[in-house]
Amino acid sequence: EHCVLGTEGTELIFDTEPEDIIIEKMRYDAFFNTPLDTILRNLGVKKVILAGISTDICVQHTAAGAFFRNYEIAICEECTESIDEKTKLNALEYMKRVYGAEIVKLEEVSKW
């Protein structure tokens, strides 16, 4: 278990603003049993950009959650990581092929 509420490694490591929305997830998919979908729909969001660790676990499961809820998906390649590069590249290719995710570079994120 990692990156799940109540486990080691879930501490925030970046600065947040009062308007930031933090979702505490219980499983690898950030949509599963969280208010994320409701929050995004209330905000009119149709596209999501994913980043995180691990590309082949949490990012991939969250991409599935977004796909099954009809969001357009982009994954910022430099903002994901896995145990090794081959695992990461396989996961990115899988999400592109199966979920129609667009793999984008960090400098492209703001255009997406």
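Where is glutamate 102 placed? Glutamate 102 sits in strand E3, residues 102-104.

Notes on the model follow.

1. **Basis.** This is a predicted model: local features need pLDDT of at least 70, side-chain atom pairs count only at pLDDT 80 or more, and totals for chains, interfaces and linings use all residues. Residues are numbered from 1 along each chain as its sequence is written, and side-chain values use heavy atoms, with hydrogens and water left out.

2. Helices (H or I, at least four residues) and strands (E, at least two) are DSSP runs, numbered from the N terminus. Buried means under 20% relative accessible area, exposed over 50%, and partly exposed in between (1.4 Å probe, protein chains only).

3. Glutamate 102 is partly exposed, because its relative accessibility is 41%.

4. **Alanine 101.** Alanine 101 lies in the loop between H3 and E3. Its relative accessibility is 4%, so alanine 101 counts as buried. Alanine 101 and glutamate 72 are 29 residues apart in sequence; their C-alpha atoms are 7.2 Å apart in space.

5. **Aromatic pairs.** How many aromatic pairs does a search of the whole structure find? The search gives 5. The rings of phenylalanine 68 and tyrosine 99 make an edge-to-face pair, because their centres are 6.5 Å apart and their planes stand at 70 degrees. Phenylalanine 68 is in helix H2 (residues 55-68) and tyrosine 99 in helix H3 (residues 85-99), so this pair ties together parts 31 residues apart in sequence. The rings of tyrosine 94 and tyrosine 99 are also edge-to-face, because their centres are 5.8 Å apart and their planes at 85 degrees. The rule covers rings of Phe, Tyr and Trp (its six-membered ring): centres within 6.5 Å make a pair, with planes under 30 degrees apart stacked, over 60 edge-to-face and the rest tilted.

6. **The aromatic cluster.** Phe67, Phe68, Tyr94 and Tyr99 form one cluster. Phenylalanine 68 counts as exposed because its relative accessibility is 61%. Tyrosine 94, at 30%, is partly exposed. Tyrosine 99 is at 13%, so it counts as buried.

7. **Salt bridges.** The count is 2. The rule asks for a side-chain nitrogen of Lys or Arg within 4 Å of a carboxyl oxygen of Asp or Glu. Aspartate 37 and arginine 41 form a salt bridge at 2.9 Å, N to O. Both residues lie in helix H1 (residues 36-42), 4 residues apart, about one turn of the helix. Aspartate 37 is buried, because its relative accessibility is 19%. Arginine 41, at 44%, is partly exposed.

8. **The lysine 105 bridge.** Lysine 105 forms a salt bridge with glutamate 77; the closest N and O atoms are 3.3 Å apart. This pair links distant parts of the chain: lysine 105 is in the segment after E3, glutamate 77 in strand E2 (residues 72-81), 28 residues apart. Lysine 105 is partly exposed, because its relative accessibility is 34%.

9. **Cis peptide at serine 54.** The peptide bond joining isoleucine 53 and serine 54 is cis, with omega about 5 degrees. Serine 54 lies in the loop between strand E1 (47-53) and H2. At 8% relative accessibility, serine 54 is buried. Serine 54 and tyrosine 28 are 26 residues apart in sequence and 9.5 Å apart in space, C-alpha to C-alpha.

10. **Positive phi.** Asparagine 33 is not a glycine, yet has a positive phi of about 55 degrees. Asparagine 33 is in the segment before H1 and is exposed at 67% relative accessibility. Asparagine 70, also not a glycine, has a positive phi of about 70 degrees. Asparagine 70 is in the loop between H2 and E2 and is exposed, with a relative accessible area of 70%.
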